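Student: Could you walk me through this model while I have it open? I'd like to know what the terms stand for as we go.

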Amino acid sequence: CDWADHIWVVCEEAASRLIRLGVSETKITMVGNTPVLQEIEGESDSAPRVVGREHLNITFLGALDRSRDLSVAVESMKILSNSPHRFTLTIVGSGTDESRLRGAVQRMNLTGAGELKGWMGNRFAQEFLRNESDIGLVQVPSHGLSQVTLPNKLFDYMNAGLPVAASDVPPIRRIVEEEKCGLCFRADDPKSLSEALLRLRDDTL
């Protein structure tokens with residue numbers, strides 16, 4: 001990175017990666033990838049909701065492209081279709097992978113257990129999280145720069161009072177464990193995700 005005068009990163013893991021690659025620490029600034037609470041209408045000031053009902057809505061909020069690999073989430077819904085409890089997956093967002101995901105929902109006969117809402121403005125998305133969602137999903141693959149990423153959606157879910165099911169990559173795992181806001185699952189593993197969702201349903205956790 002000799003050609004860069006300065007580099008901004010969103011988490012300490014990303015900074016550590018650059019330092020290992022030889023970038024001077026003085027050229028790196030960390031900028032937190034978190035929403036500004038004062039700019040969020042109707043932010044939650046209540047305790048996280050208790051999860052234990054028979055029907056749970058899992059929500060993913062964000063762009064839809066191959067790098068997110070949301071087929072993992074769709075496949076986990078197929079696994080959970082054999083559970084005595086009802087889970088539904090709602091995807092709020094749009095992108096290049098949208099048509100492929102719609103096809104996967106139809107192919108796995110998950111109509112009624114999977115819905116793509118399309119893009120929503122931030123205010124409407126926040127309302128949906130607070131009023132229609134039970135668990136927030138953070139799905140990123142286990143390879144490449146995903147190992148040093150910290151998606152904004154994690155904090156959107158926390159602000160809405162939702163427990164999170166999140167891919168087990170270092171920056172995300174650190175926040176989930178420090179804040180005790182949910183469970184991590186093995187990235188790229190639909191079975192591990194389905195197990196995490198079942199555990200989150202248990203209000204004794």
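Tutor: Helices (H or I, at least four residues) and strands (E, at least two) are DSSP runs, numbered from the N terminus. By that definition the protein chain has 7 helices and 8 strands. Please keep in mind that this is a predicted model, in which local features need pLDDT of at least 70 and side-chain atom pairs count only at pLDDT 80 or more, while totals for chains, interfaces and linings use all residues. Residues are numbered from 1 along each chain as its sequence is written, and side-chain values use heavy atoms, with hydrogens and water left out.

Student: OK, what percentage of the residues count as buried?

Tutor: Of the 205 residues in the protein chain, 47% count as buried, where buried means under 20% relative accessible area, exposed means over 50%, and partly exposed is in between (1.4 Å probe, protein chains only).

Student: And which residues have the most contacts inside the largest nonpolar core?

Tutor: Ile58, Leu137 and Leu197 do, in a core of 59 residues. The largest share of this core, 5 residues, is contributed by helix H2 (residues 71–80). A nonpolar core here is a set of buried Ala, Val, Leu, Ile, Met, Phe, Trp, Tyr and Cys residues joined through side-chain atoms within 4.5 Å. In soluble globular proteins, nonpolar side chains tend to be buried together.

Student: What does Leu197 touch, leaving aside its neighbours within four places in sequence?

Tutor: Counting a contact as heavy atoms within 4.5 Å, Leu197 meets Ile58, Ser76, Met77, Leu80, Phe87, Ile135 and Ala165. Across the protein chain, 68% of the contacts with a separation of 6 or more are between residues 24 or more positions apart.

Student: Switching to strands, is E3 mostly covered or mostly open?

Tutor: Strand E3 (residues 55–61) is mostly covered, with 6 of its 7 residues buried. E3 pairs with strand E4 (residues 86–92) in the parallel sense over 7 bridges, and two strands are said to pair if DSSP finds at least two bridges between them. Phe60 stands opposite Ile91 in E4.

Student: What do the buried residues of H6 pack against?

Tutor: Pro171, Ile172, Arg174, Ile175 and Val176 are buried in H6, and the buried residues of this helix pack against helix H1 (12–20), strand E6 (135–138), helix H5 (152–159), strand E7 (164–167) and E8. In H1, the buried residues are Glu13, Ala14, Ala15 and Leu18, and they pack against strand E1 (7–9), strand E2 (28–30) and H6.

Student: What comes just after each of those helices?

Tutor: Just after H6, Lys180 takes a positive phi of about 50 degrees, and H1 is followed by Gly22, whose phi is also positive, near 105 degrees. Most residues other than glycine have a negative phi. Lys180 lies in the loop between helix H6 (170–179) and strand E8 (182–185), and Lys180 is exposed, with a relative accessible area of 70%.

Student: Where is Asp188, and what about its phi?

Tutor: Asp188 is in the loop between E8 and helix H7 (190–201), and its phi is positive, near 75 degrees, in a residue other than glycine. Asp188 is partly exposed, with a relative accessible area of 32%.

Student: Last one, which ring does the charged end of Arg123 sit over?

Tutor: The charged end of Arg123 sits over the ring of Phe124, 4.4 Å from its centre; the criterion is NZ of Lys or CZ of Arg within 6 Å of the ring centre and within 35 degrees of the ring normal.
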